[in-house]
Each structure stands twice: as C-alpha cells, then as structure tokens.
Amino acid sequence: MFEKVLIANRGEVALRIHRACREMGIHTVAVHSTADADAMHVRLADEAVCIGPPPAAESYLNIPSILAAAEITNADAIHPGYGFLSENARFAEIVREHGVTFIGPTPEHIRLMGDKIAAKDAARSLGIPVVPGSDGPVPNLEVGLKVAKEIGYPVLIKATAGGGGRGMKVAHNSDKLSEALSTARAEAGAAFGNDQVYIEKYLSTPRHIEVQVLGDSHGNVIHLGERECSLQRRHQKILEECPSPALNASEREAIGDVVVRGLTKLGYLGAGTVEFLYEDGKFYFIEMNTRVQVEHPITEAVTGIDIVREQIRIAAGAPLGYTQKDVTFHGHAIECRINAENPVTFAPSPGRVTDYHPPGGLGVRVDSALYAGYSVPPYYDSLIAKLIVHGPTRNECLMRLRRALEEFVVGGVDTTIDLHRKLVTNADFVNGQYDVHWLERTMASWR
Ligand code: MV4
C-alpha cells in the first residue's frame with residue numbers, strides 16, 4: 001500500500017481524498033496555489049507544497065510543478081480528484097513515466113473515453129446501447145443530410161472533443177442542418193482545437209442517469225447502482241439522487257449487468273461512471289467519465305462503500321473489496337450542490353465566510369472545506385459544500401433534507417441554499433417527475 005499520496009486538487013474533493021488516506025494510514029501531500037494557502041486540506045495534510053499563483057493554468061493544471069512537488073516529497077502516488085487534470089491522459093502518462101502511480105484509469109482508457117466518437121464506438125462494440133446517429137465524424141453537409149434523413153429529425157450535433165454539453169446544436173429539419181453543422185464545427189474548433197462533429201438522434205425529454213463502476217487490476221468489475229442527474233442548469237448539475245425515481249429494480253439490474261459485462265471485456269481499471277440518457281424505458285449511452293465524480297457520496301450513502309478508498313486500493317494493486325453480490329442498496333440519498341453564487345443571476349459570489357454552521361444528525365453529511373473566516377477565492381469553480389442526506393425511503397430522505405437545509409447557515413457570501421429549499425418542496429420534484437430540461441423551465445417560471 002502507498003506510504004504517501006499527493007492530492008492534485010483543492011477544495012472539498014481534496015479534503016475528501018485526504019480523509020480516505022488518513023483512515024488508511026497513508027500520509028498526504030497537499031498542493032496549493034498562493035490563493036489556497038489557508039485552505040483546510042492544506043492545514044490537515046501531513047505536508048504542503050505551493051505550486052504556483054492563483055490561476056489554475058499556473059497551479060492546479062501546471063504539470064511540471066505538480067510532478068516537482070511529488071518528487072521533492074517523494075510521493076508514491078497522485079490522486080487527481082475531479083476536474084483539473086483528472087481526465088488528462090497525457091498527465092497520467094507523465095506521472096507513470098516519473099515512476100509515480102496515477103490513482104485512476106489507464107491513460108489509454110482516459111484517452112479513449114475523452115474522444116466521444118471513439119467512446120461510442122467502444123460502447124457499441126461492448127454491447128452497451130448507444131444513441132442512433134452518424135457512428136463517426138460527419139465530414140460535410142451532404143453526409144450530414146443523409147444521416148439525419150436516416151435517423152429522423154430533430155438531430156443533435158455534438159463535438160467529438162466536447163462532452164458535458166459543450167458545443168451541442170439541435171437541428172429540427174434539413175433547412176436548419178447546414179447552419180447548425182457549421183456553427184457547431186466553428187465552436188468546436190474554437191473551444192477544443194478540434195472541429196470534428198458527429199450527429200445523433202435528439203432525445204427531447206430524456207433523463208440523465210449514470211452508473212457507477214469499479215474495476216480492479218485482477219479483471220473484476222462491479223457496479224454500484226445508478227445516480228439520477230437530470231436536475232441541471234446550463235449543464236451544471238444542481239442536485240443528484242440515488243437511486244433514480246424513474247427506474248424499477250429489474251431495469252436497475254439490467255443496465256448494471258450490461259455495463260459490468262461491457263467494462264469487464266474492456267478490462268476497465270479504477271472508478272468510472274457510464275452516462276446514459278433514459279427515455280421511454282430505453283437507455284442510450286452518451287459518455288463515460290474516467291474519474292471520481294462530485295456526486296459520488298450519494299452512492300456511498302446507499303451502498304456503504306467508500307469509493308475513494310476503493311480507488312486507492314485498486315491503484316495499489318489490491319483486489320476489489322467487494323464482489324457484485326456484496327453490493328446491496330439501502331434507502332435513498334440526495335445531494336444538493338451548494339455554490340457560492342448569487343441565487344438569481346448565478347454569478348459567482350466569492351468573499352469571506354463570516355458564519356458557517358452545517359446541519360447534522362442521523363443521515364446528514366456535509367462535504368465542505370469551509371470554515372468561519374475562510375475566504376472563497378474567485379479563481380476556481382463556485383462549489384463550496386455538498387449536502388448529502390440519506391434516509392430509508394425517498395420521502396423520509398426528503399423530510400430530512402428539508403430539515404437539514406433549514407439548519408444550513410453560510411454567512412458572508414451568497415449561496416444557492418435557497419434554490420434547494422424551493423426545489424425540495426416543488427410538487428414535480430417531490431413526485432420524481434422531471435427530465436433534463438425541467439429545472440431550467442421551472443426556474444424560468446419563477447422569474
Ligand atoms: C443528448 C441529449 C439529447 N439527445 N444527446 C448533455 C451533456 C452531455 N452529457 C450530453 N447531453 C445531452 N445529450 C441526444 N442525442 C440531451 C443531453 C442533455 C441535455 C441537453 C440539453 C440541455 C440539458 C441537458 C442536460 C443533460 C443532458
């Protein structure tokens with residue numbers, strides 16, 4: 001097992017990784033920008049190394065600086081968390097070339113799933129259902145028109161190098177396709193330096209359901225059930241829940257089996273999340289994330305499995321701590337992402353936190369690096385806390401969540417706590433009746 005792990009991240013996920021390491025008797029190295037010198041993970045880690053000025057490009061994305069920190073502290077492994085370098089295949093390769101273990105999938109699998117066309121091809125060949133579409137890049141309008149005619153309008157144009165909703169354009173008929181194709185291609189070229197695009201049948205009212213997997217270096221792959229992530233605003237998840245209120249037990253087992261069979265064939269190593277759209281009882285693979293996700297704690301609540309601990313054990317060559325039969329699901333969990341943002345405009349609201357009182361009690365977890373007196377920096381994403389609530393049933397979880405949100409106090413910066421207080425009493429949400437467009441539509445009706 002590792003002696004020392006360098007945490008190449010910040011904020012709540014850096015603290016999350018530190019906690020797992022601490023409980024495993026592993027020493028931790030925190031890296032931080034000058035803006036994060038007073039951050040909690042820096043205070044709690046065994047060692048800390050400043051890796052640069054505030055801009056992410058000069059600190060948390062600065063590969064030479066992070067590798068230098070690993071060398072001077074003699075770290076055995078690096079955990080990338082999520083975001084930043086966590087899905088950068090080149091970083092994973094360089095870490096390996098320096099004789100340090102990258103706690104994550106192989107560079108090959110990171111690269112494969114980072115190319116959204118290659119990922120779909122792999123999913124299809126592994127027996128995982130995908131959205132009907134061009135099955136490859138669309139070189140020109142002529143091919144685009146032919147594909148769109150075959151699959152039927154409306155169609156969605158996506159960037160090969162995109163993901164997470166970036167660079168998507170809908171075309172409702174053939175007249176609109178030309179403009180949508182050229183706009184999508186131009187935006188993809190500008191945003192990703194790769195203007196390759198592909199076409200899919202546009203699913204108009206899907207849910208966004210993802211399956212958590214773990215694979216070890218001994219050929220074992222298990223799934224930890226699914227998470228419902230349909231409550232999104234501009235492709236930013238706001239609230240997630242586990243299990244999905246839309247699935248029944250046989251659908252849950254079926255999609256879990258398809259994913260485990262496919263990723264076993266692939267020889268997947270590490271934690272991963274297979275993203276689906278779900279519409280009219282059918283699943284359609286759209287992407288795979290080769291990292292631990294922000295919303296992993298709701299899966300931990302329902303299964304009792306420490307996903308970050310399993311990531312570290314897998315990277316150290318240990319077999320999974322569980323067989324599929326050992327994975328059991330209990331109750332219901334919901335995560336509210338608390339951002340330091342203006343609740344109306346969603347503009348970031350950095351600044352000094354004057355008061356911090358997180359909720360507590362049975363089934364209430366708050367993952368946050370906040371403390372009274374901490375200054376939320378303006379340089380990074382606005383997530384400041386995750387409220388994870390677990391209960392025996394969805395209704396009991398909702399009751400507990402409402403109570404926890406009443407208790408939650410963050411003073412000095414604006415937060416999205418009030419948005420969650422409104423959501424958890426909304427009839428459609430309470431009935432579990434929502435799709436990926438529901439939140440934006442509902443918030444528009446509140447204005
Ligand atoms: C789609 C789709 C509908 N049809 N693909 C968005 C981000 C990335 N995960 C893929 N996403 C989608 N892909 C097809 N063929 C709907 C989404 C989608 C979405 C689209 C618009 C607005 C919000 C959305 C939230 C989640 C998923």
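F84 sits in the loop that joins β4 to α4 (89-97). Helices (H or I, at least four residues) and strands (E, at least two) are DSSP runs, numbered from the N terminus. This is a predicted model, where local features need pLDDT of at least 70, side-chain atom pairs count only at pLDDT 80 or more, and totals for chains, interfaces and linings use all residues. Residues are numbered from 1 along each chain as its sequence is written, and side-chain values use heavy atoms, with hydrogens and water left out.

Start with the general rule. Most residues other than glycine have a negative phi, and most peptide bonds are trans.

**Positive phi**

F84 is not a glycine, yet its phi is positive, about 40°. How exposed is F84? Its relative accessibility is 29%, so F84 counts as partly exposed. Buried means under 20% relative accessible area, exposed means over 50%, and partly exposed is in between (1.4 Å probe, protein chains only).

N74 also belongs here. Its phi is positive, near 60°, and N74 is a residue other than glycine. Where is N74? It lies in the loop between α3 (63-73) and β4 (77-79). N74 counts as exposed because its relative accessibility is 59%.
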